[in-house]
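The structure is shown first, and the findings follow by topic.

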Amino acid sequence: MTAPPTGLIAQSQADLLAVDATYLWHPWSPSRVSPDTVVATSGAGCEVFDADGRRYLDAKSSGLNAALGYGCQPVIDAISAQLSRLMTYDMGEGSNLPAIELAQRIAGLAGPRLSRTFFCNSGSEAVEACIRIARFYHAVLGATERTAIVSLENAYHGATMGAAACSAGSSPVAPEVAPTGFVTVPGPDYAAGSGSGDDAGIEHLRAHLDEHGPRTAAVIVEPVQARGARVVPDAYLRAVRRLCDEHAVLLVLDEVTTGFGRTGRMFAHQYADIQPDLLATSKGLTGGYMSLGAATTTPEVFDAFDRHRGLAGFVHGHTHSGHASACAAGLAVLGYIENANLIANVRARGAQLLGRLAELRDVPYVRGVRGRGLFVAVELDSSRRAGQVRRQSKDEGVLVRRTGASIVLAPPLIITAAEIDRIADVLVPAVLAGAELSY
Ligand SMILES: Cc1ncc(COP(=O)(O)O)c(C=O)c1O
């Protein structure tokens, strides 16, 4: 094998892709990149630039995480200052200032009951921590048989073993290594919308818990499903909360994608006016500037561990749990969201986006146009057609995400009205052009 070439930044997009194809293994991808892959070399605001200087409006916020767009100076400055002062300090035997401050800040935003945060590095790890906390919780209370984790069909909760096991259909775990104790039930009637009463979907969960409640540790739900931006009706979420209470089962809400303003509230579950027992967050918390995940829980859950010190407590953690510079990024991001009044922007721009896409509802091969805030999807009748729309949009300078047959839009929370128009001006014709499948 020859030595890797150096000075990559000076190379063209095509040259970089050739090196990429030789050395990189991309997540969630076939093993090789395509000529279509964007090698981003810089970014500013809602735009990224490739190695050939082409500019793209990033309507998917990188991996739904670049919530403040690119080059947000106050966040960069906060990270840089923290790196100079103390890049991190171990949370296993010690603590550090940004982690303390960020945990307190999250409690203020997620409260009143959600007041205790465990930090990790990603959304999957946040979900994994919630699963483990839920199981340990019942175990320390003596209910060792309560181990099952119930999730909804079509859910996506992450790529680590437990998180993948509660992502039936979207994140297949090889059967020979799949952990046991994970159950999937059909979800709500997503088409019912946010204002409806209980729907038939809740009966699946009710029937399941009536039979298996005493062996169930937790139910996990995304308030808006990452795969296709399906909005879980508020009434369904409230009914899930009631059922969990009736069966002494913990409710985990996965707000890895929806947390920190993405849907037009700080957390999407606030629309339903409920609180979970465990809340998993990540992406928007640091806006992609650093890697951080959080599992936030209630005093009741935490105190159960505290009262049972003899049982060794919660035996779980990571070297980078509460990484000081990542937590400094989180503090700066949350400050920016508040100071720039971004949640109001999300509501206005989200309504504008859904309004502009409304005309697609009548297209015969469009199965749905839906979303909440700046988390929106256009579902088509096939993933092939969705792939074509994604490619055409990219060719015209707008990056969207394809998940199955859905085109998912989640632009940075800072997006302007003119940029929303630009997304719609490209996407609507691309969907209409999808009548002719050409790929
Ligand atoms: C709802 C949800 N949960 C969990 C995850 C996993 O997060 P990560 O990719 O940071 O591990 C994702 C990522 O897309 C997600 O959308």
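A search of the whole structure, which is a predicted model, finds 18 salt bridges.

**Salt bridges of Arg113**
- The side chains of Arg113 and Asp277 form a salt bridge with an N to O distance of 3.5 Å. This pair links distant parts of the chain, 164 residues apart: Arg113 is in the loop between α4 (97-110) and β4 (116-120), and Asp277 is in the loop between β10 (250-254) and β11 (278-281).
- Arg113 is partly exposed at 30% relative accessible area, whereas Asp277 is buried at 7%.
- Arg113 also meets Glu300 in a salt bridge (2.9 Å, N to O); Glu300 belongs to helix α10 (residues 299-307), 187 residues apart from Arg113.
- Glu300 is partly exposed, with a relative accessibility of 42%.

**Salt bridge of Arg372 and Asp234**
- A salt bridge of 3.0 Å, N to O, joins the side chains of Arg372 and Asp234. Because Arg372 lies in strand β13 (residues 366-372) and Asp234 in helix α8 (residues 234-246), the pair ties together parts 138 residues apart in sequence.
- Arg372 is buried at 10% relative accessibility, and Asp234 is buried at 8%.

**Ligand site**
- The residues around the ligand include Tyr156, His157, Glu222 and Lys283. By class, this shell has three nonpolar, six polar and three charged residues.
- A polar side-chain atom of Ser124 lies 2.5 Å from a ligand oxygen atom.
- A side-chain N or O atom of Asp254 is 2.7 Å from a nitrogen atom of the ligand.
- A side-chain N or O atom of Thr257 is 2.7 Å from an oxygen atom of the ligand.
- Of the 390 Å² of accessible area that the ligand has on its own, the protein covers 83%.

Terms used
Residues are numbered from 1 along each chain as its sequence is written. This is a predicted model: local features need pLDDT of at least 70, side-chain atom pairs count only at pLDDT 80 or more; totals for chains, interfaces and linings use all residues. Side-chain values use heavy atoms; hydrogens and water are left out. A residue is near a molecule or strand if one of its heavy atoms lies within 4 Å of it. A polar contact is a pair of N or O atoms within 3.5 Å; within protein, one must be able to donate a hydrogen and the other to accept it, and residues adjacent in sequence count only if both atoms are side-chain atoms. Accessible areas come from the Shrake-Rupley method with a 1.4 Å probe; for residues, only the protein chains shown count as cover. Ala, Val, Leu, Ile, Met, Phe, Trp, Tyr, Cys and Pro count as nonpolar, Asp, Glu, Lys and Arg as charged, and the others, Gly among them, as polar. A salt bridge is a side-chain nitrogen of Lys or Arg within 4 Å of a carboxyl oxygen of Asp or Glu. Helices (H or I, at least four residues) and strands (E, at least two) are DSSP runs, numbered from the N terminus. Buried means under 20% relative accessible area, exposed over 50%, partly exposed in between (1.4 Å probe, protein chains only).
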